[in-house]
Amino acid sequence: MVEKYDKVHEELLKGTQLNIDYWLKYNFLSLKWWIIIALMIILWVLLLKLVDRRQLPKILFLGLVWILAAANLDGFGFELGYWGYPTELLPIYPKAYFFDYALIPVTYMLIYYYFPKGKAFLIANIVLAGGASFISEPFFRWLDYYKAYQWEPWWSFVIYFVLSYIIRWFVEKVFKVLPENRKMC
């Protein structure tokens, strides 16, 4: 069994080296690479400018949970061959740093901040999930930052929509049990 795994490991290393070589030749220090860095910085600065500092712990916790969910789901989808990233910040996992660590969490933090519950959250969530799935994903495919292989945009819509409620529920539960944060809930 271990010998079989050694062979798998050897093949994985070949794939990793191939990806690093591709990244060095086509990504590193390219205009698209610099755009990823600039957009990540802009999104986080924008968030910090727009959010009331008193709400920041709760908002950032929500963002952290989104980062964990997005990075893990992204890794699963990448490994299963559903999508890939022709343009990457780094050639190692997780693959989509811009999406997983900036675009997705920051937009959902802003949705939660401006539309925290009820019908407003529902409508904002539908608009964001729809925009992310049917506008942003095709746009980033067109720019060669993202490539879908065996993936349909409406699957993304369902995942974004459902996850936003699960993550919102989780954050609300955590902040209700924290005594020092009861005033912020």
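The secondary structure of the protein chain comes to six helices and two strands, where helices (H or I, at least four residues) and strands (E, at least two) are DSSP runs numbered from the N terminus. The model is a predicted one, in which local features need pLDDT of at least 70 and side-chain atom pairs count only at pLDDT 80 or more, while totals for chains, interfaces and linings use all residues. Residues are numbered from 1 along each chain as its sequence is written, and side-chain values use heavy atoms, with hydrogens and water left out.

Read along the sequence, the chain follows the pattern α-α-α-β-α-α-β-α, and its C-alpha trace spans about 55 × 40 × 30 Å along the principal axes.

**Helix packing**

The axes of helix α2 (residues 31-50) and α3 come within 11 Å and cross at roughly 150°; axes here are lines fitted to C-alpha atoms, for helices over the stretch in contact, and angles run from 0 to 180 degrees between N-to-C directions. That makes α2 roughly antiparallel to α3, because angles over 145 degrees count as roughly antiparallel, under 35 as roughly parallel, 65 to 115 as roughly perpendicular and the rest as oblique. In this contact (heavy atoms within 4.5 Å), Trp44, Leu47 and Leu48 in α2 meet Leu56, Ile59, Leu60 and Ile67 in α3. The residues of the contact of α2 with α3 divide into seven nonpolar, no polar and no charged, with Ala, Val, Leu, Ile, Met, Phe, Trp, Tyr, Cys and Pro counted as nonpolar, Asp, Glu, Lys and Arg as charged, and the others, Gly among them, as polar.

Helices α4 and α5 pack at an angle of about 155°, with their axes 10 Å apart. That makes α4 roughly antiparallel to α5. From α4, Phe98, Phe99, Leu103, Thr107, Tyr108 and Ile111 meet Phe121, Ala124, Asn125, Leu128, Ala129 and Phe140 in α5, and the residues of this contact divide into 10 nonpolar, two polar and no charged.

**Cavities and pocket**

The structure holds two cavities of 30 Å³ or more. On a 1 Å grid over the protein atoms alone, a cavity is a set of points where a 1.4 Å probe fits but cannot get out, a pocket is an open set with protein on both sides within 12 Å along at least five of seven lines, and lining residues have an atom within 4 Å of a point. Grid points are joined across faces, edges and corners, and a volume is the space filled by probe spheres set on the points.

| Space | Volume | Lining by class |
|---|---|---|
| Largest cavity | about 60 Å³ | eight nonpolar, one polar, two charged |
| Second largest cavity | about 40 Å³ | six nonpolar, one polar, one charged |
| Largest pocket | about 540 Å³ | 21 nonpolar, five polar, three charged |

The residues that line the largest cavity include Ile36, Tyr85, Glu88, Lys95, Phe98, Phe99 and Tyr145, and helix α4 (residues 97-114) gives the most to this lining, with three residues. The second largest cavity is lined by Leu62, Trp66, Tyr108, Ile111, Tyr112, Phe121, Ser164 and Arg168. Two or more residues of that lining come from each of α3 (56-79), α4 and α6 (153-177), and α4 gives the most, with three residues.

The largest pocket is lined by 29 residues, of which Trp83, Ile104, Glu137, Ser156 and Tyr160 lie nearest its centre. The elements giving two or more residues to the lining of the largest pocket are α3, α4, α5 (118-142) and α6.
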